[in-house]
Amino acid sequence: MRSLLMTPFRLFREDKPLRNTVILFVLTTLFYAMGATLRLVEELSLFWPLNAVMAGVFARHTFLNRLNNYVVCYVAMVLYDGLTTNWGTASFIINFSNIVFILTFALLVQRDKRRPKRATALANTLKMFNYCLLASVLCACFGAVGSSGIDSQTFWPLFADWFSEQFSTGVLVLPCMLALSWPGVTKPFHVQHLLQHLLPVVALAFSVGISVLIGGVGSLAFPLPALIWCAVRYSLLMTALLTLVTGAAEIMLMANSIINIAVGSHLQTPDMFSARLGIATMAICPIMVSVSVSSINALMRQVSLRADFDFLTQVYSRSGLYEALRKLEEARMPRNHLTVMLLDIDYFKSINDNYGHECGDKVLTSFARKVQQVVGEQGKVARMGGEEFAVLAMTQDATAAMALAENIRLAIEQHRFRWRSQTLSITVSIGLSNGMADSWQLTETFNSLLNEADKSLYRSKKGGRNRTSAQEPSSESESAADSLPGSVAN
């Protein structure tokens, strides 16, 4: 993922079916035990992460969607119940309802992955909530039937309890599961920026504390502004994790009457149903905001990329080259010898006239690629307009600058451009200018050198083309320039 993480860790591997089976069994048992420790007096769980976690696992890994893997999960659930409860046959129905949630959500997500037309991130997020809703309804139907054998309540209260728990937990957990990636190396925060970066989290913790102090049904919505602030400032994964922690904390605090929403009476099942759905609805908002912000940022990066790079040749555009110079100025590099070249393809108009503009575009693309190949990491190549290109390079001295320009000229002269069944040869005229530049005035120096390179390019064209011309050199570089064929020092 990054330089310090050469081989990304993968929990599941398609070529390791036995390992996958063991991991699925362990994960199912682990999260089943976690949910079992949070069971209420009525035997139903307060917070049941298992279904959402496993649904996310199966949704992320297409190769896991096989009957035997679902059977492994089901067996793990039944075995755990058999060892820890006396539910008997009711356990088979209750755990089948868990599989229904996992299977429904995973298959719906996998179906979308197989479709050739991809929806937007926002549409996919809306689908996730819809799929979670459908999976919760189906799960609640089976769960309510199975629970009636171990609970004195009728079908509809049980259905409401099952549905609200499954939906609220799914909405909180599944965004984390689908956005989860193995952590790489991130840039460290500067100390002076750390507090500013943590302000949304501080505000979130403060809003939960206010919910405890004030109480009432409305207090469950107090963290929402802070969560939306987190959605704007942090990544989708971080937002999903903070939303999960906040939602789970509110459910726990509410169930233990630390957040008192049933003023003057004990918490009843209808209160729990309403509160869970309210928390689930609240959890949707920051996720939607985070997805929207991510989409906007991606669009802005794409627009910026298109502005900085020439669409046809994939080298820098004129504006992109100046942006690169600005970044170099901010980097405060030491004083360097700056070389600027202007390149113009000789008689390019005849290529368009004789072979068409499609051929001309192909030649421009190949030309830019060849120049970039010669320049390499030493500098940057930009298309200034039409068939005119610029090269910005850091060279050791004027002699090295002239040698680089001649390498470019000769590489183009010797290269054969293929167009359909024909082979084309082209040449390039180069105007060269170079000088010392301080990092904080690179743009100013570049503009000055670019003007001199333009004059040198004019001399190359006037002198017969297919040559490199430079401004009046020093005595040291003059002898070196004279020794290079095709070079002209004016």
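Predicted model: local features only at pLDDT ≥ 70, side-chain atom pairs only at ≥ 80, totals over all residues.

Which residues does threonine 246 touch, not counting residues up to four places away in sequence? I found Leu204, Val208, Pro223 and Leu227.

**Entry: threonine 246**

I placed threonine 246 in helix H9, which covers residues 236-255. Its relative accessibility came out at 4%, so I put it down as buried, the cut-off being under 20%.

**Entry: the cores**

Next I went for the nonpolar cores. The largest one has 78 residues. Phe12, Leu24, Met54, Phe58, Ile102, Phe105 and Leu174 have the most contacts inside it. I then checked who supplies it: helix H6 (residues 155-179) gives the largest share, 11 residues. Apart from this core I noted another, of 31 residues, and Ile345, Phe348, Ile412 and Phe417 are among them.

Leaving aside neighbours within four places in sequence, I listed its contacts as Phe12, Met54, Val57, Phe58, Leu64, Asn69, Val72 and Cys73.

**Entry: a greasy surface patch**

Then I turned to the outside. I found a nonpolar patch on the surface made of Leu18, Val22, Phe25, Val26, Leu67, Val71, Val75 and Leu79. Together they have about 740 Å² of accessible area. Helix H1 (17-36) and H3 are the elements that give two or more residues to the patch.

**Entry: aspartate 81**

Is aspartate 81 buried or exposed? I got a relative accessible area of 1%, so aspartate 81 goes down as buried. It is found in helix H3, residues 67-84. I wanted to know what its side chain pairs with, and I found a polar contact of 2.9 Å to the side chain of asparagine 95. I also took a C-alpha to C-alpha distance: aspartate 81 and phenylalanine 92 are 9.2 Å apart in space and 11 residues apart in sequence.

**Entry: salt bridges**

How many salt bridges does the structure hold? I have 13 in my notes. A reminder to myself: side chains of opposite charge can pair when their charged atoms come close.

I followed one network, which links Arg111, Asp112 and Lys127. The arginine 111 to aspartate 112 bridge is 3.7 Å, N to O, and the aspartate 112 to lysine 127 bridge is 3.9 Å, N to O. Aspartate 112 sits in helix H4 (residues 90-114) and lysine 127 in helix H5 (residues 121-147), so this pair ties together parts that are 15 residues apart in sequence. On accessibility, I have aspartate 112 as buried at 18%, arginine 111 as partly exposed at 32% and lysine 127 as partly exposed at 25%.

Last one for today: arginine 383 forms a salt bridge with aspartate 310, and their closest N and O atoms are 3.4 Å apart. I traced arginine 383 to strand S2 (residues 379-385) and aspartate 310 to the loop between helix H10 (269-308) and helix H11 (318-330), so the pair ties together parts that are 73 residues apart in sequence. I checked burial for both partners: arginine 383 is buried at 17% relative accessible area, and aspartate 310 is buried at 16%.

Conventions
Residues numbered from 1 in each chain as written. Heavy atoms only, no water. Helix = DSSP H or I, 4+ residues; strand = E, 2+ residues; numbered from the N terminus. Buried < 20%, exposed > 50% of the residue type's maximum accessible area, 1.4 Å probe, protein only. Polar contact = N/O pair within 3.5 Å; in protein donor to acceptor, adjacent residues only side chain to side chain. Core = buried A, V, L, I, M, F, W, Y, C linked by side-chain atoms within 4.5 Å. Contact = heavy atoms within 4.5 Å. Patch = residues over 30% accessible without salt bridge, like charges linked within 9 Å, V, L, I, M, F, W, Y side chains within 5 Å. Areas by Shrake-Rupley, 256 points an atom, 1.4 Å probe, with all protein chains shown as cover. Salt bridge = Lys/Arg side-chain N within 4 Å of Asp/Glu carboxyl O.
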